Amino acid sequence: MPSNKSVSDAPIFQFTNCRILRSHQLQREDLWVREGKILNPEKLFFDEKGSADIHLDCKDSIIAPGFIDVQINGGFGVDFSLAADDVQSGISVVSQKILSHGVTSFCPTLVTSPPSVYHKVLPQISIRNGGPHGAGILGAHLEGPFISKEKKGAHPEHYLSTFESGAFQDLLATYRHLDCVRIVTLAPEMKRSSEVIQELTRRGICVSLGHSVANLSQAEEAVRHGATFITHLFNAMLPFHHRDPGIVGLLTSDQIPARRRVFYGMISDGIHTNPAALRIAHRAHPKGLVLVTDAIAGMGLAPGKHTLGQQVIEVDGLNTYIAGTKTLSGSVATMDSCVRHFLEATGCTVETALEAASLHPAQLLGIEHQKGTLNYDNDADFLLLDNSLQVRATYIAGERVWSQDTFTI
Ligand SMILES: [Zn+2]
């Protein structure tokens, strides 16, 4: 009989023989879980006089919060930007398969598409918790179509749009459905973008700056109006210039409003950003770094031709190009490989590398009281990793949802 009956009949799990990431440190402590939440063992011992029902030997694993990917266009043959009649089943495939890469929640991302695609796809995306069926869905990330022609990257020019006629009404007419939208990437130099940024922020939607030729003062103004994120720093923006560092300058700007932090996404796959640039960003603003995969349908598949919305993409190793060009277009990197590459390229601590894929994206989305940490009462979404940060097992709400064949506890 459970020993904690006074509070709950649910079994208490004690994960032992592990180092857990808490308060920015790997600590040799046990992890306690009940009813899908992280439990405070002191309260259990002293207030409830309770103890664990089930002990699990983690074989000296690191336990870290589950990874959160806020920019992922698809994977495993699924492209979220293709207006299929059954978007749900595509999302289900990806959400199931990314569990082996340590991702426990994510933002399905749509690249610039014609309005008809948004009208068809967005109503089919619903925010939901993760579980054995797959990683949780935190809401959609819409990258474009309100971006710069000069920095369109892999986005089809034909469908780019502006705010000139009706500002927020233009955005609403394009997307139509905002209920499931969590992040919008836009170019802040566009006319009337301030109004749009303010309205999105007022609605609790995170505004990210990207695919843009904005100078620093335009970027700072966007931050003053509510923007909090930079989409894949360095890629698809003006290169750093010492007299006008552009969006990159936000990392060391002294014009950020008090108590605000600007976060920035990094595709740490060894292709999109030179390791020296990754180090510059990390050393300048370590607490804002958010690892993203920007993965496309080709992730998890053999090299060859895949799609990204309306474009055909050629995948060759870790390189992804719009077919027939040298324009980079998303990645085929997995989140766990990005974490390992970031660790290796920057020489940062294991804690820092893990937090860039968990704590920081949770802070960006304002959900750090639920996800992204192993703090008491948070969702028990976590990973068991070996010392080289290979994922051994993935848990969502305290339940094991994936594990290596050779790893049993
Ligand atoms: Zn992009």
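Let's start at alanine 154, which sits in the loop between strand 11 (140-143) and helix 4 (168-175). Helices (H or I, at least four residues) and strands (E, at least two) are DSSP runs, numbered from the N terminus. Residues are numbered from 1 along each chain as its sequence is written. Please keep in mind that this is a predicted model: local features need pLDDT of at least 70, side-chain atom pairs count only at pLDDT 80 or more, and totals for chains, interfaces and linings use all residues.

Alanine 154 counts as buried because it has 24 C-beta neighbours inside 10 Å. Here, buried means that 20 or more other C-beta atoms lie within 10 Å of a residue's own; exposed means 12 or fewer, partly exposed is in between, and C-beta atoms are placed from the backbone. Setting aside residues up to four places away in sequence, alanine 154 touches Val111, Leu308, Gln311, Ile322, Thr327, Ser329 and Gly330. Such a contact requires the two C-beta atoms, placed from the backbone, to lie within 7 Å.

One of those partners, glycine 330, takes us to the loop between strand 19 and helix 8 (335-346). Glycine 330 is buried too, since 33 other C-beta atoms lie within 10 Å. Beyond its neighbours within four places in sequence, its contacts include Asn73, Asp294, Ile296 and Thr320, as well as Ala154.

Now for strand 19 itself. Strand 18 (residues 311-316) and strand 19 (residues 319-322) run antiparallel and are joined by four bridges; strands pair if DSSP finds at least two bridges between them. Within this pair, glutamate 314 stands opposite tyrosine 321. The two strands form a hairpin with two residues between them, and glycine 317 in the turn has a positive phi of about 65°.

In helix 2 (residues 87-97), the buried residues are Val87, Gly90, Ile91, Val94, Ser95 and Lys97. They pack against several elements, among them strand 9 (103-110) and helix 3 (115-121). Helix 9 (residues 350-355) contains valine 350, which is partly exposed because 18 other C-beta atoms lie within 10 Å.
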